[in-house]
Amino acid sequence: MRVSDCDRQAFAQALRELADGNGAAIFDHVARLRVDEVGDYTLFGVGAVLAMDGAGLCEAEDASGYLGALADIVEGWRNGDL
């Protein structure tokens with residue numbers, strides 16, 4: 001799958017909005033998920049955090065820090081910094 005620079009920019013912006021928010025948007029969305037979707041999303045999130053820690057990309061203490069770090073990674077990729 002090829003991701004455009006515009007798509008990367010929109011994704012990074014969405015991550016930053018989630019990181020800067022109070023988590024209400026995340027909780028609202030999760031409340032509408034089916035049980036199997038919650039499990040899949042949880043596994044994905046834990047895997048992403050472990051991968052970021054393993055690669056030394058983030059030492060955040062909460063979800064906002066990891067979302068912000070992921071936005072930095074996406075923007076760095078878009079800007080050619082990675």
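Two residues are in contact when heavy atoms of theirs lie within 4.5 Å. By that criterion, and leaving out residues up to four places away in sequence, Val-74 touches Arg-8, Phe-11, Ala-12 and Leu-15. The model described here is a predicted one.

**Overall fold**

The chain contains 4 helices and 0 strands, and its pattern along the sequence reads α-α-α-α. Its C-alpha atoms fill a box of roughly 40 × 30 × 25 Å along the principal axes.

Among the 82 residues of the chain, 18% count as buried.

Confidence in the prediction can be summarised briefly. The mean pLDDT of the chain is 85, with 91% of the residues at 70 or more. Helix α3 has the highest confidence, at a mean of 90, and α4 the lowest, at 82.

| Residue | Location | Relative accessible area | C-alpha separation |
|---|---|---|---|
| Val-74 | helix α4 | 7% | 7.8 Å to Phe-11 |
| Asn-22 | loop between α1 and α2 | 68% | 22 Å to Ile-73 |
| Phe-44 | helix α3 | 62% | 15 Å to Leu-15 |

Val-74 lies in helix α4. Because its relative accessibility of 7% is under the 20% limit, Val-74 counts as buried. Phe-11, one of the residues that Val-74 touches, is 63 residues away along the chain, yet the two C-alpha atoms are separated by 7.8 Å.

Asn-22 belongs to the loop that joins α1 and α2. Its relative accessible area is 68%, and a value over 50% means exposed, so Asn-22 is classed as exposed. Between Asn-22 and Ile-73 there are 51 residues of sequence separation and 22 Å from C-alpha to C-alpha.

Phe-44, in helix α3, is also over the 50% limit: with a relative accessible area of 62%, it is therefore exposed. Phe-44 and Leu-15 are 29 residues apart in sequence, and their C-alpha atoms are 15 Å apart.

**The largest pocket**

Rolling a probe the size of a water molecule over the atoms shows where empty space is left. The largest pocket has a volume of about 900 Å³. Two or more lining residues come from each of α1 (5-20), α2 (24-31), α3 (35-54) and α4 (63-79). Helix α3 gives the largest share of this lining, with 9 residues.

In total, 26 residues line the largest pocket, and those nearest its centre are Ile-26, Tyr-41, Phe-44, Gly-45 and Leu-67. Phe-44, an exposed residue at 62% relative accessible area, is thus listed among the residues nearest the pocket centre.

Sorted by class, the lining consists of 19 nonpolar and 7 polar residues, with no charged residues.

Notes
Residues numbered from 1 in each chain as written. Predicted model: local features only at pLDDT ≥ 70, side-chain atom pairs only at ≥ 80, totals over all residues. Heavy atoms only, no water. 1 Å grid on protein atoms, 1.4 Å probe; cavity = no way out; pocket = protein on both sides within 12 Å on 5 of 7 lines; lining within 4 Å. Points joined across faces, edges and corners; volume = space filled by probe spheres on them. Nonpolar A, V, L, I, M, F, W, Y, C, P; charged D, E, K, R; others polar. Buried < 20%, exposed > 50% of the residue type's maximum accessible area, 1.4 Å probe, protein only. pLDDT = per-residue confidence, 0-100.
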